[in-house]
Amino acid sequence: MITIILKRILLAIPVLIAVATLTFFLIKQAPGGPFDAEKAVSPQVLKNLNAAYNLDASEWEQYTDYMTGIAQGDFGPSFRYPGRSVTEMILTGLPVTFELAIYAILIALIIGVFSGVLAALKRNTILDFIPMAIAMIGICVPTFLMGPLLVLIFGINLELLPVSGWNQIPGDKLLPSLTLGFAYAAYIARLSRGGMLEVLNQDFIRTARAKGLSETAIVTKHAMQGGLLPVVSFLGPAIAGLLAGSFVVETIFQIPGLGRFYVEAAFNRDYTMILGTTIFFSAMIVFFNLMSDIAALWLNPRSRDES
Amino acid sequence: MSNNSSLWSDAVGRLLKNKAAMVGAIILILLIGCAILAPVIAPYSYSFQNLDLGASPPSSEHLLGTDILGRDLLSRILYGARISLLVGFVATGVALVIGVSWGIVAGYFGGRVDQIMMRIVDVLYGLPFIIFIILLMVIFGRNLWLLFGAIGAVEWLTMARIVRGQVMSLKNQEFVLAAQAMGISNLSMFRRHLLPNILGPIAVYATLTIPQVMLLESFLSFLGLGIQPPMSSWGTLIKDGVESMEEYSWLLIYPGITFTITLFALNFFGDGLRDALDPKTSDN
């Protein structure tokens with residue numbers, strides 16, 4: 001198993017370099033320079049600006065400079081906000097997005113696993129149908145609709161919860177986390193129901209029953225380990241989805257996180273910021289996929305024994 | 001061939017018995033009809049403005065009300081259906097063409113070719129594609145056809161995996177060996193022998209890809225990176241609705257309901273199709 005993990009890690013490095021390279025040269029194709037917006041810049045000033053941001057060097061030189069910078073954690077200066085570096089902006093946004101994502105995934109896991117396992121155990125009863133119907137709603141109502149609807153109901157009509165901001169008023173973290181977590185709760189509920197149903201029919205569960213174990217012990221000790229495997233493998237891709245969801249949720253709730261910075265950078269054509277966040281996001285996603293693969297390998301005794 | 005057609009007629013029978021799938025199918029047919037006939041049945045043009053009227057709640061003249069510029073919401077939803085469904089079908093078509101060709105080639109040739117091709121798929125799976133689509137839209141402008149291509153280029157990966165698996169299980173069967181022995185060219189092998197036998201899974205997965213593609217498009221439009229005004233997709237309508245939902249909640253609610261019902265219909269129909277074509281998996 002260790003060789004598999006090492007292989008995965010070794011594969012991740014060239015992938016990240018390829019992503020960084022591709023993004024860098026894609027961005028260079030973008031029409032218009034970063035200083036086009038400043039009206040009536042004299043040629044001398046433009047020349048100085050270009051020199052200051054190293055834009056007068058050859059493309060190859062810029063590329064090697066940039067890559068060495070990234071290797072040292074330096075994503076260069078922001079084109080849009082003079083004096084601020086991309087690294088600095090990523091570091092201010094990251095904790096916020098990270099916190100939001102953690103809450104969302106916790107909500108998704110708690111609601112999803114609980115209702116999925118329950119639905120599998122009480123198959124074809126009301127406790128199966130109702131959670132699964134709600135899960136279908138969760139999958140069909142996109143985040144950008146769920147968020148505003150929750151705001152409309154709990155924030156504006158019932159005036160129960162604050163509708164924007166992060167860490168300013170007590171309770172302002174609830175709606176964004178719920179919005180982001182709900183869709184994943186739905187997926188996880190379906191996955192854990194399916195996984196549990198498959199496991200519950202297997203021989204080792206019958207053996208456990210025959211041994212006279214309590215139903216709780218059978219479910220928590222024996223069935224869930226295998227039954228929740230699909231959930232574990234889903235967590236990696238889910239993180240990628242959560243990041244995309246954070247674009248929307250942070251925009252709706254005006255949360256100063258990475259997702260909102262990214263969308264703003266895309267609008268402002270802040271190319272260094274786009275470049276930096278893209279590479280950063282990719283690194284995070286590759287990392288989380290790796291983690292979820294390793295966890296799934298470790299939980300699955302068959303692949304654990306293989307090597 | 002007779003065996004094959006009975007598989008399909010069995011499947012149709014099962015599909016017709018599945019109520020959720022049939023309701024989904026009827027809704028979809030209605031929607032597609034409305035989208036095609038939008039210029040005929042829409043009471044107003046999607047860009048006709050009545051600034052004096054402004055935003056007005058649903059009335060007999062404007063069944064679903066009007067937006068801030070006095071444009072009829074029902075007409076905009078009908079025209080939006082054209083864009084949203086068009087994106088859904090075209091981008092899924094792009095994904096289908098790439099994914100099926102990739103999967104057939106990888107599965108049929110096997111060995112090293114297969115390893116390299118599927119490793120590429122594995123690597124692409126792990127990348128943040130949504131970010132790349134945003135990047136492309138920023139760099140090359142918000143072009144409808146680019147949007148189709150970009151979304152399609154993202155959604156083909158799972159299709160390639162499914163098709164490869166199917167082809168691998170087919171390629172050692174007698175009819176394939178017989179065709180090989182007759183010296184058939186690779187291209188006609190793919191087209192005449194392999195493709196017809198994997199149409200089922202392809203149809204199922206394609207139906208389930210359409211709602212995902214539509215979600216992706218509306219997600220981009222919601223962020224302002226997709227369809228540009230005065231054209232509207234359901235995503236842009238929802239975006240506009242969110243901006244004014246405090247005063248004019250109908251502008252959010254009706255497009256939202258339409259979009260959600262469509263996604264429901266597509267998902268139910270896709271699930272029904274899967275159960276009908278592959279009864280084994282119907283438990284999941």
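Helices here are DSSP runs of H or I with at least four residues, strands are E runs with at least two, and both are numbered from the N terminus. For the model, ipTM is 0.78 and pTM is 0.81.

Some housekeeping. This is a predicted model, so local features need pLDDT of at least 70 and side-chain atom pairs count only at pLDDT 80 or more, whereas totals for chains, interfaces and linings use all residues. Residues are numbered from 1 along each chain as its sequence is written, and chains are lettered from A, with ligands numbered from 1, in the order in which they are written.

Now the two chains. Chain A has 13 helices and zero strands, and chain B has 12 helices and, again, zero strands. Along its principal axes, the C-alpha trace of chain A spans about 85 × 60 × 30 Å; for chain B the figures are about 75 × 45 × 35 Å.

How much of each chain is buried? I call a residue buried if 20 or more other C-beta atoms lie within 10 Å of its own, exposed if 12 or fewer do, and partly exposed in between, with C-beta atoms placed from the backbone. Of the 307 residues in chain A, 39% are buried; of the 284 in chain B, 43% are.

Contacts come next, and two residues are in contact if their C-beta atoms, placed from the backbone, lie within 7 Å. Take the contacts in chain A with a separation of 6 or more: residues 24 or more positions apart account for 73% of them. In chain B, among contacts between residues at least 6 apart in sequence, 68% join residues at least 24 apart.

Let's go to the interface. Here 33 residues of chain A are in contact with 30 residues of chain B. On the chain A side, the helices that each supply at least two residues include α1 (2–28), α7 (174–200) and α10 (229–252). The largest share, seven residues, comes from α12(A). By class, the side of chain A that touches chain B has 25 nonpolar, seven polar and one charged residues. In that count, Ala, Val, Leu, Ile, Met, Phe, Trp, Tyr, Cys and Pro are nonpolar, Asp, Glu, Lys and Arg are charged, and the others, Gly among them, are polar.

What about the inside? A nonpolar core is a set of buried Ala, Val, Leu, Ile, Met, Phe, Trp, Tyr and Cys residues joined through C-beta atoms within 7 Å. The largest one has 151 residues, and those with the most contacts inside it are A:Tyr184, A:Ile188, B:Ile133, B:Ile134, B:Ile151 and B:Ile238. Helix α4 (residues 73–109) of chain B gives this core its largest share, 16 residues. Zooming in on B:Ile133, and not counting residues up to four places away in sequence, we find that it touches B:Ala150, B:Ile151, B:Val154 and B:Leu220.

Back in chain A, please look at helix α9 (residues 215–227). A straight helix of 13 residues would span 18 Å at 1.5 Å a residue, but α9 of chain A spans only 15 Å between its end C-alpha atoms. The expected span is 1.5 Å times one less than the number of residues. In α9(A), A:Val219, A:Ala223 and A:Gly227 are buried, and what covers the buried residues includes α4 (86–121), α7 and α8 of chain A.

Most residues other than glycine have a negative phi. A:Asn124, though not a glycine, has a positive phi of about 60 degrees. A:Asn124 sits in the loop between α4 and α5 of chain A, and it counts as exposed because it has 8 C-beta neighbours inside 10 Å. A:Gln254 also has a positive phi, near 50 degrees, and lies in the loop between α10 and α11 of chain A. With 13 C-beta neighbours inside 10 Å, A:Gln254 counts as partly exposed.

Thanks, everyone!
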